[in-house]
Amino acid sequence: MAKMTKEEVIEVAHLARLAITDEEAEHFADQLEAITNAMELLNELDTENVEPTTHVLQMVNVLREDKSIPGLDRDLVLKNVKEHEGGQVKVPTILE
């Protein structure tokens, strides 16, 4: 099984623009080695007759139907607005 070296972890961290210490690199090397070893064990399984899945549970679309409904009356909304002009809410300028 593949041994993940500290140098490989440092190189990957550098490519990902991550700053890690030597101690962290050693720790991550051990963790990544354990993960790759587990994946290699899974590769030994016979999956020829196993259908690929994207989720273990049967999922269905739970979105509501998209339908148009009338909004609030503009005059009623503008009653609660401090300033408005031309039927639109007037807000302070934030960009120059």
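This is a predicted model: local features need pLDDT of at least 70, side-chain atom pairs count only at pLDDT 80 or more; totals for chains, interfaces and linings use all residues.
On the surface, Asp22 takes part in a patch of negative charge together with Glu7, Glu8, Glu23 and Glu24. Two elements, α1 (6-15) and α2 (22-43), each give two or more residues to this patch, and α2 gives the most, with three.

Three salt bridges are found when the whole structure is searched. In one of them, the side chain of Glu33 meets that of Lys3 at 3.1 Å, N to O; because Glu33 lies in helix α2 and Lys3 in the segment before α1, the pair ties together parts that are 30 residues apart in sequence. Glu33 counts as buried, with a relative accessibility of 19%, whereas Lys3 is exposed, with a relative accessible area of 51%.

Another salt bridge joins the side chains of Glu26 and Lys6 at 4.0 Å, N to O. Glu26 is in helix α2 and Lys6 in helix α1, so this pair ties together parts that are 20 residues apart in sequence. Both residues count as partly exposed, Glu26 at 44% relative accessibility and Lys6 at 24%.

## The salt bridge of Glu85 and Lys90

The side chains of Glu85 and Lys90 also meet in a salt bridge, with an N to O distance of 3.3 Å. Here Glu85 is exposed, having a relative accessible area of 54%, while Lys90 is partly exposed, with a relative accessible area of 44%.

Note on methods
Residues are numbered from 1 along each chain as its sequence is written. Side-chain values use heavy atoms; hydrogens and water are left out. Patches are made of residues with over 30% relative accessible area and no salt bridge: like charges are joined within 9 Å, nonpolar side chains (Val, Leu, Ile, Met, Phe, Trp, Tyr) within 5 Å. Accessible areas come from the Shrake-Rupley method with a 1.4 Å probe; for residues, only the protein chains shown count as cover. Lys and Arg count as positive and Asp and Glu as negative; His and the chain ends are not counted. The place of a charge is taken as NZ of Lys, CZ of Arg, CG of Asp or CD of Glu. Helices (H or I, at least four residues) and strands (E, at least two) are DSSP runs, numbered from the N terminus. Buried means under 20% relative accessible area, exposed over 50%, partly exposed in between (1.4 Å probe, protein chains only).
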